Amino acid sequence: MKKLLLSLTMVLAMFAASAQNITVTEKETGNVVENGASYVVYGDGSAAWGVPGDEMFIEFDIVANEDMRLIGKKIENNVVEGSMNYICFGQCLAPFVYETEAIPTAVGDTMLFSAHYMAEEDYLLIAGEEQSMTYEIWDAANPDEKFVINVIFKYSLDDVEEVSAQNVISAYPTPATDIINFDYNVNGRAMVVIYNMMGQEVMRNEIAGQNGTLSMNVSDLSGGVYFYNLVVNGKTEKSSKIVIK
């Protein structure tokens, strides 16, 4: 099942100092995220074409500046009927879990935090619908010092047509056992990067030429769910899940 994610668009400035006890950066760019920053994550609207389960997500790295016990929380400000959302905080949690347990984190440790949004099975999301979320991260010993990230997930055909027409990728077969192929059409220097569910990069390959097929040998990877990103000119244009067995 094909899933597309447009690269993230910031609403507020993000090149600022982090909270005292943690540093938060964008997973792809490494840019430091400002406490209270806001993002809009666009989807291509394919769920409105009758494909339930299409997913959008945004990823961050959290680095502990001291020994602590980190807690993550999601807050639903505006909920779209027929949608579901979840967070990954060290590990991915069920949609009904809103706050994580305190996770011991040593100084210098890096933890992946990601926020996910998708249609429930048998529901169709409509272009233009928005779900507003707030995410909070804090040390259990200092509950008043919270790092806040605001995210709006939005299905919008208009906002992705121009980029989608230039940079297109699809993966097959999935599930894959040894070789997975990526058909692509890109405008610029590009690569495919594969991450595991913990947000750790496991493979990357440069793309040769503007269009064609990239084949990657995934036989050494453990079976499970992975994410792949199409990165064009240093910017993530598309992202989706693949399954390896």
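A salt bridge joins Lys-146 and Glu-136, whose closest N and O atoms are 3.5 Å apart; a salt bridge here is a side-chain nitrogen of Lys or Arg within 4 Å of a carboxyl oxygen of Asp or Glu. The pair links distant parts of the chain, with Lys-146 in the loop between strand 10 and strand 11 and Glu-136 in strand 10, 10 residues apart. Strands (E, at least two residues) and helices (H or I, at least four) are DSSP runs numbered from the N terminus. Glu-136 counts as buried at 13% relative accessibility, whereas Lys-146 is partly exposed at 31%. Buried means under 20% relative accessible area, exposed over 50%, and partly exposed in between (1.4 Å probe, protein chains only).

The model is predicted: local features need pLDDT of at least 70 and side-chain atom pairs count only at pLDDT 80 or more, while totals for chains, interfaces and linings use all residues. Residues are numbered from 1 along each chain as its sequence is written, and side-chain values use heavy atoms, with hydrogens and water left out.

The count of salt bridges comes to 5. Among them is the pair Lys-154 and Glu-130, whose side chains meet at 3.4 Å, N to O. Lys-154 lies in strand 11 (residues 147-155) and Glu-130 in strand 10 (residues 130-139), so this bridge ties together parts that are 24 residues apart in sequence. Glu-130 is partly exposed, at 34% relative accessibility. Another salt bridge is formed by the side chains of Arg-204 and Glu-201, at 2.7 Å, N to O. Arg-204 is partly exposed, with a relative accessible area of 45%, and Glu-201 is also partly exposed, at 39%.

The protein chain holds 1 helix and 18 strands. Of its 245 residues, 47% count as buried. The accessible surface of the chain comes to about 11200 Å², and 49% of this belongs to carbon and sulfur atoms; accessible areas come from the Shrake-Rupley method with a 1.4 Å probe, and for residues only the protein chains shown count as cover. Among contacts (heavy atoms within 4.5 Å) between residues at least 6 apart in sequence, 69% join residues at least 24 apart.

Asn-229, in strand 17 (residues 224-232), counts as buried at 2% relative accessibility. Neighbours within four places in sequence aside, Asn-229 is in contact with Glu-28, Phe-57, Met-191, Val-192, Val-193, Tyr-195, Thr-236, Lys-238 and Ser-239.

On the surface, Glu-66, Asp-67, Asp-109, Asp-144 and Glu-145 gather in a patch of negative charge. Patches are made of residues with over 30% relative accessible area and no salt bridge, like charges being joined within 9 Å and nonpolar side chains (Val, Leu, Ile, Met, Phe, Trp, Tyr) within 5 Å. Lys and Arg count as positive and Asp and Glu as negative, without His and the chain ends; the place of a charge is taken as NZ of Lys, CZ of Arg, CG of Asp or CD of Glu. Asp-109, in the loop between strand 8 (103-105) and strand 9 (110-119), is partly exposed, with a relative accessible area of 37%.

Most peptide bonds are trans. A cis peptide bond, however, joins Tyr-172 and Pro-173, with omega about -10 degrees. The bond from Thr-174 to Pro-175 is cis as well, with omega near 10 degrees. Pro-173 lies in the loop between strand 12 (168-172) and strand 13 (179-185), and Pro-175 is placed in the loop between strand 12 and strand 13.
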